[in-house]
Amino acid sequence: MSENQQPELNQALGEAPSPEELAAAGAGEADALAQAQAEIGVLQAKNTELAEQSLRALADAQNARRRADEEIAKSRKFAVEGFAENLLPVLDSLEAGLAVKEATPEQIREGAEATLRQLRSALERNKVIEINPAAGAKFDPHQHQAISMVPAEQEANTVVTVLQKGYLIAERVLRPALVTVAAPK
């Protein structure tokens with residue numbers, strides 16, 4: 001009979017295992033226990049590492065959100081800074097014109113025209129575009145506000161006169177142009 005068959009025979013006969021069999025079984029269990037404990041240690045280390053990575057990622061996300069919020073706050077606070085810088089030469093020109101005490105009407109007009117050019121240039125640099133439809137242009141309710149309809153010798157629903165120019169800022173209507181519109185015939 002082989003050694004492998006002896007424990008089975010002992011069990012079948014109801015005999016107690018031999019001390020060698022008990023030692024071998026105990027050694028196998030001890031090996032399995034040691035292996036399981038080693039695996040638990042590896043898994044605990046991996047769990048700790050992943051928890052630390054998760055906390056770092058969470059902290060990084062919170063820091064990024066905080067920095068973004070600070071940038072947004074700064075952008076809102078200083079949003080008009082560039083626009084104001086472009087308007088300062090206009091202000092300087094107006095003050096210089098008012099400082100001249102003995103100006104002729106022609107000089108005043110020249111100064112006003114130069115200041116108007118500066119103002120228009122500043123507005124254009126900041127994407128503020130004039131809405132000034134020509135007579136006969138089709139009425140656009142998105143950019144024009146009709147003040148009245150008047151009889152005219154042109155196609156109905158077209159601009160007759162512009163009472164006040166409108167303005168766009170970055171393709172969004174800041175103020176619609178006030179216009180009169182040709183009435184249907």
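Let's start with β3 and strand β6, residues 177-182, which pair in the antiparallel sense over four bridges. Strands here are DSSP runs of E with at least two residues, helices are DSSP runs of H or I with at least four residues, and both are numbered from the N terminus. Two strands count as paired if DSSP finds at least two bridges between them. Within this pair, T161 stands opposite T180 in β6.

Before I go on, a word on where this comes from. It is a predicted model, so please keep the cut-offs in mind: local features need pLDDT of at least 70 and side-chain atom pairs count only at pLDDT 80 or more, while totals for chains, interfaces and linings use all residues. Residues are numbered from 1 along each chain as its sequence is written, and side-chain values use heavy atoms, with hydrogens and water left out.

Back to the strands. β3 and β6 belong to an open sheet of three strands, in the order β2-β6-β3, with mixed pairing. The edge strands are β2 and β3, the latter at 159-164, and each of them pairs on one side only. From one strand to the next, the twist averages 30°. For angles like that, axes are lines fitted to C-alpha atoms, for helices over the stretch in contact, and the angles run from 0 to 180 degrees between N-to-C directions.

Now have a look at H144, which sits in strand β2, residues 144-150. Is H144 buried or exposed? H144 is buried, with a relative accessible area of 7%. By buried I mean under 20% relative accessible area, with exposed being over 50% and partly exposed in between, using a 1.4 Å probe and protein chains only. Leaving aside neighbours within four places in sequence, H144 is in contact with residues including I131, F139, V159 and P176. Contact means heavy atoms within 4.5 Å.

On to the other sheet. This one is open too, with three strands in the order β1-β4-β5 and antiparallel pairing. β1 and β5 stand at the edges with a single partner strand each, so one side of each is left without a neighbour in the sheet. The twist here averages 35° from one strand to the next.

Strand β4, residues 166-169, has a covered face with G166 and L168, and an uncovered one with Y167 and I169. Four bridges join β4 to strand β1, residues 128-131, and the two run antiparallel. E130 has Y167 as its bridge partner in β4. With strand β5, residues 172-175, β4 pairs in the antiparallel sense over three bridges. In β5, Y167 has R175 as its bridge partner, and I169 has R172. The hairpin of β4 and β5 has two residues between the strands, and A170 there takes a positive phi near 50°.

One helix for you as well. Helix α3, residues 81-99, has 19 residues and reaches 27 Å from its first C-alpha to its last, close to the 27 Å expected at 1.5 Å a residue. That expected span is 1.5 Å times one less than the number of residues. A kink of about 30° lies at L87, shortly before the proline P89. The bend is the angle between axes fitted to the seven residues ending at a residue and the seven starting there.

Finally, the whole chain. There are four helices and six strands, running α-α-α-α-β-β-β-β-β-β from the N terminus on. Of the 185 residues, 12% count as buried.
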